[in-house]
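I opened this entry to keep track of what I looked up, one item at a time.

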Amino acid sequence: WWRGEVAGATSVAAVASSLTLLDEVGCGWEALQKALEPPAAGKRAPVPSARLGRGGGRFRPRVCEVEFAASRGSPLPLLEWCSESPDGCQLRAIVAGQLVSLQPQLDGSWKSERLSAAPFVDLHGLTPAEAMGRRVTAWYEEEGAEGEPPRDVPYSGHVIDSSGCQSGKRGLSVRFDYALDEAGAQEELYLGNDDDWLYGLHAMKPERGSA
């Protein structure tokens, strides 16, 4: 079974997970065999050590998948799931600084495609081209009525320029629907990584981490 799992592994993480399982089962079985062996003539029975399998005796210490990969010089890249994707047939994630598309296949596997370097301005999983024209909602803190605390007010608009997001020269340029500038025109502002915003129209601001 274990050899089949390793042979069918498609990533370093899967191999490391199988090695961890082998380490746990193998070390425990070998320790049990040693403890149950009858003592040789003229020798005292061995006393099981509490540190056996954790550096005690001749058994190497157990390590987790992350520690094993790092010890082999191939640290596992961090995968960050994105909240958005251009359609319902794929997921988006940031892996080792790259924006990646993950599509489930009929045989249960996943097809991955590296799209580009992750934009400097977080576009929540979309490329700058895909963000163009999207409806967005941004929240800005405004003073409440007398005696009331400040509150986050939603403003809706659409993306009119995303060309500076990849390099970080500019943020996501948005033209708001009902906010006017001093000249009476629709106000245009840049949204960056320090702003609270989401794609789509939203009346309520979601709790942090729930978007």
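Which residue in β4 is the bridge partner of L99? I looked it up, and the partner is S116. I note here that I am working from a predicted model.

**Entry 1: β3 and β4.** I next looked at the pair of strands as a whole. Strand β4 covers residues 110-117, and seven bridges join it to β3. The two strands run antiparallel. Besides L99 and S116, I wrote down a second pair: V100 has R114 as its bridge partner in β4. β3 and β4 form a hairpin with five residues between the strands. In that hairpin I found G108 with a positive phi near 95 degrees.

**Entry 2: β2 and β3.** I then went to the other partner of β3. Strand β2 is residues 91-95 and strand β3 is residues 98-104. I counted five bridges between them, in the antiparallel sense. V95 of this pairing stands opposite Q98 in β3. This is also a hairpin, with two residues between the strands. A96 sits in the turn and has a positive phi of about 50 degrees.

**Entry 3: the four-strand sheet.** I put these strands together. In what order do the four strands of this open sheet lie? The order is β1-β2-β3-β4, with antiparallel pairing. β1 (79-81) and β4 are at the edges and have a single partner strand each, so one side of each has no neighbour in the sheet. From one strand to the next, the twist averages 30 degrees.

**Entry 4: a surface patch.** I checked the surface for nonpolar residues. L79, W81, L91 and W110 form a nonpolar patch there. Together they have about 450 Å² of accessible area.

**Entry 5: the five-strand sheet.** I moved on to another sheet. Five strands make an open sheet in the order β8-β7-β6-β5-β9, and the pairing is antiparallel. Which strands are at its edges? They are β8 (186-191) and β9 (196-199), and each pairs on one side only. The twist here averages 35 degrees from one strand to the next.

**Entry 6: β6 and β7.** Strand β6 (residues 151-161) and strand β7 (residues 172-180) are antiparallel and share four bridges. I looked up H158 and found that its bridge partner in β7 is R175.

How values were computed
Residues numbered from 1 in each chain as written. Predicted model: local features only at pLDDT ≥ 70, side-chain atom pairs only at ≥ 80, totals over all residues. Heavy atoms only, no water. Pairing = 2+ DSSP bridges. Axes fitted to C-alpha atoms, helices over the stretch in contact; angles between N-to-C directions. Patch = residues over 30% accessible without salt bridge, like charges linked within 9 Å, V, L, I, M, F, W, Y side chains within 5 Å. Areas by Shrake-Rupley, 256 points an atom, 1.4 Å probe, with all protein chains shown as cover. Salt bridge = Lys/Arg side-chain N within 4 Å of Asp/Glu carboxyl O.
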